[in-house]
Amino acid sequence: MHRRLAIFTSKVLVNANPIPTTTATSTTLLYTQSNPLNPRTNGFAFFRLLSFTPGHRRVQDPDDPSNLMKEDGVSVCSQMWIENFREPDRTASNLTTYLRRFELWVLAYQKVCADDMGAYMPRSAIQRSALEDLLALRNAVLDNRFKWGARLDFLIKSPKDKTDYRSLSKRKIKAILTTTQPAAFQDKIVQEVLFMIMEPIYEARFSQKSFAFRPGRNAHTVLRVIRRTFAGYLWYIKGDLSTILDGMKVGLVIGALMRDVRDKKVIDLIKEALTTPVITSRLEEPKKKTKRKYQKKRVLAEDEPKPDPYWLDTFFGFAPEEAEKLPSWGHCGILSPLLANICLDELDQWMEGKLKEFYRPSKSDVIWNSPEGEAEQGNTSWPEFVPTSGPDKTRKMDFVRYGGHILIGVRGPRADAATLRKQLIEFIDQKYTLKIDNESLPIEHITKGIMFLDHVLCRRVVYPTLRYTATGGKIISEKGVGTLLSVTASLKQCIKQFRKLNFLKGDRDPDPQPCFRMFHATQAHTNAQMNKFLSTMVEWYRYADNRKKIVNFCSYIIRGSLAKLYAAKYKLRSRAKVYKIGSRNLSRPLKEKKGSSPDYHNLLRMGLAESIDGLQYTRMSHVPETDYTPFPSNWIPDHEKALLEYISLDDPKTLEDQRFSIRKQGLVSTQDYISMLVWNYKRNAIVMDQLSLIKSGGNNTEKEQHLLLGPDQDTYDQKSKEEEEHEEGFDIAEI
């Protein structure tokens, strides 16, 4: 194209009269004809003519992939969420339509680039070559030419991958083909597209008792639900089904998928991702006999993401047992947690059926005595308190599932819990072909303390003063007795996690150990890292009853560890000397030798020294109180609440019901009232407040007519006639 344009331009410059004169370009070409030997003027006229098109619009390239993007990818995803939440029981049969939407592929490319490079790439920054490769990847997926786990042949590569795979040596090619490699960039894009298509379908169907690997739900949500709904349960069944997260048979996964999805292309794509083998072998590297005395620090590339900071890496070591395992099945990547929830959703549905079957209300019970079991008659502002109900109690149970761990609470005799455990073992064996015994599902009483998510559930007997209003308006105060569900952080588990991270040793008298990983960091940087870690721990234990105690213990361990580190670094011999120089919270600078530098405050005032923040929460009074914010019984995340509200407002029936209710109560909506004011202003040329007319008595029909037609229709007609006569007289006088 450029070669032809250059040849055509040279011909124009040689000819004396290259372009016939037209009306639009006569002025420009007159100067061109007067001096035909000037190539600059001829070229200028030529390019002006090329740039002149009707309407000054540039012709779009039909081969540009950006022409396939008709709307934003986020709006396409929003539409999918709205459609699935509007009809949650609808079978998804035509997902290939969304698989063809190029907007979703561009959005997936942006998300994978953000994860891979550590920076978000706007759509305007995506080059055309990348869009063409992305379009080729989409077409390969639609034409069944895409292969999972490619090592050398890529349809699209990461922007930071500059490797030329065609010029690699045989040794490097062998290492790539036989060793464990991270997931290919194109595999991540396909996984992201499938995830964006599948997630809204199943989020509308999943049980409200499932909390892991789902948006808007986390471990804090589980703890708040337990505190809110598990009060009064005596027996607890704690089950560990995390072996399911290690992997399941492909037939079981595909069977669970086909209950709600009937699109062959999507099912085959996921099936290939599960069945394609993953290469995990490694080459045996020869061990080096001699080690370098001094190793240079590795310098990160410009586009290479930074590793996790020390405080975040330390906090990840505090992950509870229930949140440690993340499923990774075949080449599914981020699809694996969603597939695990799809398979375990059958267990959730079975348990919800057992909840209704097990519920047997008792009229003498104080709280649960309704036939349906939904209405609770207790103190809604203090749901953790359950008053005593005598020997005849309502039989009720509830459960929550976080990943592969399940917790069931039973209110009733232990025999009922044993029967439920037997049925649960049979269901898991039949559905998931997983053999578990009674030891894997122990039944424990609440008085022993139930460990879940590193928090202990226990019961305390309390004797509060209950005040209520009797018949006749008389306020009665009497002593009550009941139980209170307490959720406390496990100090034993906290010590175990600190010991695993080499922050302390010993069980009975834990002794802090120096964290030598921060030996070469400055005092300000070390304190800042540990403050971030302590702030995260404060947030993690936000809903624990012993929040002050557990956070103060963490602060004691961190402070002792840093004191030993500084004692070794600055040769101060003991922690007491470190505290004497650096104060209790280590906010003062520690010097190797006295008098080696000017006063720290003078350096800080001149901007020559780095400010040192002291450690937080060194005293128990500095730790915030436990968060006892009331938790609603039928809680749903904010995004689902917004979706349901949007769907209800979008339904015309909702608007009609609101209008009917307003009219039935004799009220006027804000929109109708403003419309009446505007209409009266246009008809009468004055601002009129008609609210007094609405409040006054009379027929509603007459009021509406009065509001719409004005205060006096005859007066209005008379004014219009006078205006017409005045205009006629003015016309005659003008003639």
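With which side chain does the side chain of Glu346 make a polar contact at 3.2 Å? The partner is the side chain of Arg259. A polar contact is a pair of N or O atoms within 3.5 Å; within protein, one must be able to donate a hydrogen and the other to accept it, and residues adjacent in sequence count only if both atoms are side-chain atoms.

The model is predicted; local features need pLDDT of at least 70, side-chain atom pairs count only at pLDDT 80 or more, and totals for chains, interfaces and linings use all residues. Residues are numbered from 1 along each chain as its sequence is written, and side-chain values use heavy atoms, with hydrogens and water left out.

The chain has a mean pLDDT (the predictor's confidence in each residue, from 0 to 100) of 80. A value of 70 or more is reached by 75% of residues. Residues 1-56 stay under 50. Residues 707-713 are also below 50. Where pLDDT is low, the predicted coordinates should not be read in detail.

The side chain of Arg421 instead reaches the backbone oxygen of Leu441 at 3.1 Å.

Definitions and conventions: Contact = heavy atoms within 4.5 Å.
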